[in-house]
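Here is a friendly walk through one protein model, meant to be read with the viewer open. Take a look at the fold, then follow along below.

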Amino acid sequence: MEDDYLVRIGKLIRDARQHRGWTQTQLAEALATSQSAVNRIERGNQNISLEMIARIGEALDSEIVSLGYAGPMHLRVVGRRRLSGSIDVKTSKNACVALLCATLLNKGRTVLRRVARIEEVFRLLEVLNSIGVRTRWINDGVDLEIVPPAELDMESIDAEAAIRTRSIIMFLGPLLHRMDRFRLPYAGGCDLGTRTIEPHMIALRRFGLEVTATEGIYHARVERSVSPGRPIVLTERGDTVTENALLAAARHDGVTVIRNASSNYMVQDLCFFLEALGVRVDGIGTTTLTVHGVPQIDVDVDYSPSEDPVEAMSLLAAAVVTESELTIRRVPVEFMEIELAVLEEMGLDHDRSAEYPADNGRTRLVDLTVRPSKLEAPIDKIHPMPFPGLNIDNVPFFAAIAATAQGKTLIHDWVYDNRAIYLTDLNRLGGRLQLLDPHRVLVEGPTRWRAAEMMCPPALRPAVVVLLAMMAAEGTSVLRNVYVINRGYEDLAERLNSIGAQIEIFRDI
């Protein structure tokens, strides 16, 4: 029985290593052991402790190995440490997941450069692998190669992985070109209240897609005779809604006009990628997109998604709440201009470099240096708007920033039903936040942060806001079960440690 157990564990480790694109020697180096030891482990010929399984899981960024053995990941944060030096912004989470869905349009080989190694990406890769798409990490695990099969095996879809990500909804647009009938598990993701997919359906019905929902499954059927004869007007200027409409239009044989489209950063990256596939898109950066579809796409393509403005905002907020001087490099400034304008009015002391292009050749970047500042509460409320307004995902970071400012700040997070509620978790750390209704929070500062032990909020951005407040708090805090943070940030604790934070990762074994 023990031998069978070791063989099963060895196979899981081997599969996770190969999924990352590592050799046995590379894994051995990460574990400070020998290649022969790794070979024995993978063949089931060596006893292996739970601690070693957890270390392997960390090295391979794989819950396949760690889940169920090492338990959830927690963070122990020693606060009141000043940050210093510089840190690069990584590529956009939301762009990367959209591009992974978009690879289903292409029959050829796709290489995506510097893909975010986050749980949301890993879940999508598990789904893609389960339906026959071949993926592998290349160039020392930095880039990702995607090769689709001739036919997708939708009957074998990994439902468990699919329901852990809302990004699965963006399979609808490309899949309607590949098959007449298919099924998808319900979309999951963050707990942000009720989120209907009806805006997606209103757009996709124009391409003949009809969806019925039964027992946790979307049943999709495509009527090939249906075609958009007039412009598609989106009822919600949402990012994923726009992306789904773009994905459907990309292989539609004709010209599709999409109005009330989002022009946000991930939508622009998707448009740039579609152009690399040979699909002409007019109006990028505006609310009217005109897509000249290509019925068949079979090209080898190499694309570099741009940097993540929400991660840039996270790092800026980390500098503000810890009263640090920090240089944040590769900031996509065109998607943070409103945030920076608001922070300037609050008294933020900062400099920015001359602009330079991202690796996609289109997005404008700057290096941003933030210095300790005496902030005043803004006169107007903080509220999101579709781009070019204040980014919806950046709103929670203003809760932590406002808590350091003198005065009262009203934050109106009108987009999501539950997210503002999670911001009141900052009260456990000494904050003074008053929930006025499910969408409005009144923040009073300045705050004397104090340490606490608490569970991670189930929503990505509020979870990071709590972590930042712990970094500013006197004493040692514990944030438990941080999977939601790993969904959207790559190695966040280690990267914050590299600029002066003191955050320890640990598990209950």
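This is a predicted model: local features need pLDDT of at least 70, side-chain atom pairs count only at pLDDT 80 or more; totals for chains, interfaces and linings use all residues.

Is Thr409 buried or exposed? Its relative accessibility is 1%, so Thr409 counts as buried; the cut-off for that class is under 20%.

Which residues does Thr409 touch, leaving aside those up to four places away in sequence? The list consists of Ala377, Pro378, Ile382, Ala402, Val441, Leu442 and Val443. One of these, Ala402, is also among the buried residues of helix α15.

## Helix α15, a mostly covered helix

Helix α15 spans residues 395–404 and is mostly covered, with nine of its ten residues buried. The buried set begins with Val395, Pro396, Phe397, Phe398 and Ala399, and goes on with Ala400, Ile401, Ala402 and Ala403.

## Two helix pairs

Now for how some helices meet. Helix α6 (residues 93–102) and helix α7 (residues 119–130) have axes that come within 10 Å and cross at roughly 5°. Angles under 35 degrees count as roughly parallel, and α6 and α7 are therefore roughly parallel to each other. On the α6 side the meeting residues are Lys93, Cys96, Val97, Leu100 and Cys101, while α7 brings in Glu120, Val121, Leu124, Leu125 and Leu128. Sorted by class, this contact has eight nonpolar and two charged residues, with no polar ones.

The second pair is helix α2 (residues 24–31) with helix α3 (residues 35–42), whose axes lie 8 Å apart at an angle of about 105°. That angle makes α2 roughly perpendicular to α3. Gln24, Thr25, Leu27 and Ala28 of α2 make the contact with Gln35, Val38, Asn39 and Glu42 of α3. By class, the contact of α2 with α3 has three nonpolar, four polar and one charged residues.

## The cysteines

How many disulfides does a search of the whole structure find? The count is zero. Cys96, which belongs to the α6 contact with α7, is in no disulfide, and the nearest cysteine sulfur to it, that of Cys101, is 11 Å away. Cys96 counts as buried because its relative accessibility is 1%.

## A mixed sheet with β1 inside

Four strands form an open sheet in the order β21-β22-β1-β23, and the pairing is mixed. Its edge strands are β21 (453–455) and β23 (502–507), each pairing on one side only. Ignoring direction, neighbouring strands of this sheet are turned by 20° against each other on average.

Within the sheet, β21 pairs with strand β22 (residues 476–480) in the parallel sense, over three bridges. Met455 stands opposite Arg480 in β22. Helix α17 (residues 460–472) packs on this sheet and touches β1 (73–78), β21, β22 and β23. The direction of α17 makes about 165° with that of β22.

## A mixed sheet around β12

Another open sheet has four strands in the order β9-β10-β12-β11, again with mixed pairing. Here β9 (232–233) and β11 (280–282) are the edge strands, each pairing on one side only. Helix α11 (residues 239–250) packs on the sheet, touching β10 (255–259) and β12, and its direction makes about 25° with that of β12.

Strand β12 (residues 288–292) pairs with β11 in the antiparallel sense over three bridges. In this pairing, Val281 stands opposite Val291, and Arg280 has His292 as its bridge partner. The hairpin of β11 and β12 has five residues between the strands, and there Gly283 takes a positive phi near 90°. β12 is also joined to β10 by five bridges, with the two running antiparallel; Ile258 stands opposite Leu289 in β12.

Definitions and conventions. Residues are numbered from 1 along each chain as its sequence is written. Side-chain values use heavy atoms; hydrogens and water are left out. A disulfide is a pair of cysteine sulfur atoms within 2.5 Å. Buried means under 20% relative accessible area, exposed over 50%, partly exposed in between (1.4 Å probe, protein chains only). Axes are lines fitted to C-alpha atoms, for helices over the stretch in contact, and angles run from 0 to 180 degrees between N-to-C directions. Angles under 35 degrees count as roughly parallel, over 145 as roughly antiparallel, 65 to 115 as roughly perpendicular and the rest as oblique. Contact means heavy atoms within 4.5 Å. Ala, Val, Leu, Ile, Met, Phe, Trp, Tyr, Cys and Pro count as nonpolar, Asp, Glu, Lys and Arg as charged, and the others, Gly among them, as polar. Two strands pair if DSSP finds at least two bridges between them.
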